Every structure is written in C-alpha cells, then in structure tokens.
Amino acid sequence: MTKTPMDIALDEARAAAARGEVPVGAVILDPATRDVIAAAGNRTRELNDPTAHAEILAIRAACAARRDERLTGLDLYVTLEPCAMCAGAISFARLRRLYYGADDPKGGAITSGPRFFGQPTCHHAPEIYDGIGGEAAATLLRDFFRQKR
C-alpha cells in the first residue's frame, strides 16, 4: 500500500521523537506528479537551532531542490498546526495548500492564536485543510510528553 503524504509526515515525526525532538514531521508534495519534494522532522535540539522546525527544514530542502525561493504550486503536509514563524515561512514560500493534523491551542497560528493567514499584513495565504491525520499526530505528541514527565 502506498503511503499518503501525511503518513510520511507521521514517519518523520516518529523519527524526530526517537531523536528526542518534539515529534513533528512535514512533507512537501508536488500535487501534479505526486512526488515528495522534501520531508523533515524537528531538529531544534540536534542542530541547536530554534528555527529548525519540521516545516522550515522541509521548506529549505524543497527550495534547494527547486533552486527557487518560491514553492508555488506545491503542498505542505505537517503533523501539527504551524506556529507563527512557520506560518510566515509558508506564506513567503507561496505554498499552494497547507494540510495539518493536530491543532496546537498553545503555539499554533493558523486556527489558533493569531490566525496568521487572516491578518491584513499576510502577503499570501495557502488553502488550509486541518485535521488530516490529526488523531495519530495528537496521540504521538501526548505519548511523547507523557514519557518526558
């Protein structure tokens, strides 16, 4: 059975958890060809970089692969609602669609908190689809933090 982009993002999140990182994974897909352009999991601790969120790393890799700072026409799948930093990067990269799993009431910026894409200063807003793989992503996060306590 072929894995969905969210299945791949969940695999990236599991790999992040195995590294001791908050389990968030992201995949950038070309919907025209169904090719995965980039996939990443959180690496903030490993890289000592507070910007090394899964979304940022996937965007960087996709931009490098495309040799372009714009990812017009591509879709991002991420296991957790993006934060404001990642929402800004998604907007600047001009991603076509954002699919995300679990809501993040504390740190999310899409349907929670500042609702980044609804702000008048937002230059580009992708189409947004939430709840994709949300239960699996939420369970992964709950289990990770339960083990940390």
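A polar contact is a pair of N or O atoms within 3.5 Å; within protein, one of the two must be able to donate a hydrogen and the other to accept it. The model examined here is a predicted one.

**A buried asparagine**

The loop between strand 2 and helix 2 (44-47) contains N42. A polar atom of the N42 side chain lies 2.7 Å from the backbone nitrogen of A54. With a relative accessible area of 7%, N42 is buried. Leaving aside residues up to four places away in sequence, N42 touches A16, R19, E21, V22, V24, A52, H53 and A54.

In soluble globular proteins, nonpolar side chains tend to be buried together. In this model, the largest nonpolar core comprises 41 residues, and I28, I59, L71, L95 and L98 have the most contacts inside it. At least two residues of this core come from each of helix 1 (5-18), strand 1 (25-30), strand 2 (35-41), helix 3 (54-66), strand 3 (75-80), helix 4 (84-93), strand 4 (97-102) and helix 5 (134-148). Helix 3 contributes the most, with seven residues.

Two of the residues named for their contacts may be followed further. L71 touches I28, I59, A62, C63, R66, A93, R94 and L95, when residues up to four places away in sequence are not counted. L95 belongs to the loop between helix 4 and strand 4, and its relative accessible area of 0% makes it buried. Under the same exclusion of residues up to four places away in sequence, L95 touches I28, I59, L71, L74, D75, L76, I90, H124 and P126. Although L95 and R70 are 25 residues apart in sequence, their C-alpha atoms are 7.6 Å apart in space.

The buried residues are C86, A87, G88, A89, I90, S91 and A93. Helix 3, strand 3 and strand 4 are among the elements that cover them.

Helix 4 is followed by R94, whose phi is positive, near 65 degrees. R94 lies in the loop between helix 4 and strand 4, and is partly exposed, with a relative accessible area of 22%. A positive phi, of about 55 degrees, is also found at R67, which is not a glycine. R67 is located in the loop between helix 3 and strand 3; with a relative accessible area of 79%, R67 is exposed.

**Pockets**

| Pocket | Space | Classes of lining residues |
|---|---|---|
| Largest pocket | About 230 Å³ | five nonpolar, no polar, four charged |
| Second largest pocket | About 180 Å³ | five nonpolar, four polar, three charged |

The largest pocket is lined by V22, L80, D103, D104, P105, K106, L141, R142 and F145. Helix 5 gives the most to this lining, with three residues. The second largest pocket is lined by V22, V24, N42, T44, H53, E55, L80, E81, P82, C83, D104 and G107.

Key. Residues numbered from 1 in each chain as written. Predicted model: local features only at pLDDT ≥ 70, side-chain atom pairs only at ≥ 80, totals over all residues. Heavy atoms only, no water. Core = buried A, V, L, I, M, F, W, Y, C linked by side-chain atoms within 4.5 Å. Buried < 20%, exposed > 50% of the residue type's maximum accessible area, 1.4 Å probe, protein only. Helix = DSSP H or I, 4+ residues; strand = E, 2+ residues; numbered from the N terminus. Contact = heavy atoms within 4.5 Å. 1 Å grid on protein atoms, 1.4 Å probe; cavity = no way out; pocket = protein on both sides within 12 Å on 5 of 7 lines; lining within 4 Å. Points joined across faces, edges and corners; volume = space filled by probe spheres on them. Nonpolar A, V, L, I, M, F, W, Y, C, P; charged D, E, K, R; others polar.
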